[in-house]
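I opened my notebook today to look up how two chains are built and how they meet. Here is what I wrote down as I went along.

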Amino acid sequence: MLPDEIRPAMQGVTPSTIVTCSLDGVPNVTDISQVWYVDKDHVALSHQFFNKTHRNVRENPYVQAILRDAKTFQEWYLELQYDHSEETGPLFDQMDMELEAIASLTGMSGVFKLRAADVYRVLSVRKSRSRQ
Amino acid sequence: MIPERLVAFVHGPVVSFVGTRDARLRPSVSWVFGARVSAATDEITVFVPDIEAEPIKRNAEQNGLIALTVVESISHESYQFKGKLVGLRPSSDEERAVQDIHRSKVISHLTKFPKALFEGFRLYPSTALTFSVEHVFVQTPGPGAGKLLDLSAF
């Protein structure tokens, strides 16, 4: 489902934005440092803190994300469904290493710490119409 | 009452996103460009470009629940405002000017990005979405993210 042309928007150069919703219906919007490409039908988000996003997706698995390409600002809208978390293994190790690189580039070393790679199924993907 | 420092923050060179959800609890998010804060009434009006506004408008009218996250992209300082819809209407010419002023502030602030990238966004026509702020949360990355802000002590 994910087209190859979305890959530049998944490099963590500019943050992505996600919205979740609690079971009692309150939306929650937050920036995240990166959305990782897993395969054509799955992406991963970093679970770093036991925050509202973490709690919401375990109550209600649906997420919408906006990804943006740092070179063109082309944005993409993804609808996602939480699938599972990985606390060890190659995906976790790769995300941990890249997160540390992002942290050091953005002055957030010591703040970012990967607890798990949260894997989501991609329900839909489309280009944003926000660019002229 | 929304403190002066937060008012200045929202009116500054920030990027902002509004989140809503539908009747099935499926969330939607859109970039907003420009805002006006009324500290006296604890209301914020944000300008949502119409090109991506439909789900936001539909959801807001359906259940009224609004989340607005405002981010300063260099320091990463950010806050989330949650509240209830007061109204939706087409933005006025004056508010279009507010959007243009806001874009100029962002261009001047985020100098590592070429100006043309920001100029390429379709900001209008847009919808003025006004909501009453009930809670403000710290959203700056770190262990304190998600903490309810005590506005009287801020």
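**Entry 1: strand 1 of chain A**

I began with strand 1 of chain A and found both of its faces covered: Ser16(A), Ile18(A) and Thr20(A) are buried on one side, and Thr17(A), Val19(A) and Cys21(A) are buried on the other. I noted what "buried" asks for: 20 or more other C-beta atoms within 10 Å of the residue's own, while 12 or fewer makes a residue exposed, anything in between is partly exposed, and the C-beta atoms are placed from the backbone. Strands here are DSSP runs of E with at least two residues, helices are runs of H or I with at least four, and both are numbered from the N terminus.

Before going on, I wrote down that this is a predicted model, in which local features need pLDDT of at least 70, side-chain atom pairs count only at pLDDT 80 or more, and totals for chains, interfaces and linings use all residues. Residues are numbered from 1 along each chain as its sequence is written, and chains are lettered from A and ligands numbered from 1 in the order in which they are written.

Back at strand 1 of chain A (residues 16–21), I read that six of its six residues are buried. Next I looked up its partners, where two strands pair if DSSP finds at least two bridges between them. Strand 1 of chain A is antiparallel to strand 2 (residues 27–32) of chain A, with six bridges. One bridge in this pair sets Cys21(A) against Pro27(A). The two strands make a hairpin with five residues between them, and Gly25(A) in the turn has a positive phi of about 90 degrees. Strand 1 of chain A also pairs with strand 5 (residues 62–68) of chain A, antiparallel, over three bridges. There, Val19(A) has Gln64(A) as its bridge partner.

**Entry 2: a helix in chain A**

How far apart are the end C-alpha atoms of helix 2 of chain A? I found 23 Å, which agrees with the 22 Å that the 16 residues (90–105) should span at 1.5 Å a residue. The expected span is 1.5 Å times one less than the number of residues. Just after this helix, Gly107(A) has a positive phi of about 70 degrees.

**Entry 3: chain B as a whole**

I then turned to chain B, which has four helices and seven strands. From the N terminus, their order is α-β-β-β-β-α-β-β-α-α-β. The radius of gyration of chain B is 15 Å, close to the 15 Å of the globule rule for 154 residues, so chain B is as compact as a globular protein of that length. This radius is taken over C-alpha atoms, and the rule is 2.2 Å times the number of residues to the power 0.38. The C-alpha trace of chain B spans about 35 × 35 × 30 Å along its principal axes. I also noted that 39% of the 154 residues of chain B count as buried.

**Entry 4: the sheet of chain B**

In what order do the strands of chain B lie in the sheet? I read 2-1-5-6-7-4-3, an open sheet of seven strands with antiparallel pairing. Strand 2 and strand 3 (35–38) of chain B are the edge strands, each pairing on one side only.

Strand 1 of chain B has seven of its seven residues buried. Six bridges join strand 1 of chain B to strand 2 of chain B, and one of the facing pairs is Val18(B) with Ser30(B). Thr20(B) has Ser28(B) as its bridge partner in strand 2 of chain B. In the hairpin of these two strands, Leu25(B) takes a positive phi near 70 degrees. On to strand 5 of chain B: five bridges join it to strand 1 of chain B, and Val15(B) is the bridge partner of Val71(B).

**Entry 5: one loop residue**

Is Ala53(B) buried or exposed? Ala53(B), in the loop between strand 4 and helix 2 of chain B, is buried, with 21 other C-beta atoms within 10 Å. The C-alpha atoms of Ala53(B) and Ser30(B) are 6.9 Å apart, although 23 residues separate them along the chain.

**Entry 6: where the chains meet**

Last, I looked up the contact (two residues are in contact if their C-beta atoms, placed from the backbone, lie within 7 Å). Chain B gives 31 residues to the contact and chain A gives 27 residues.
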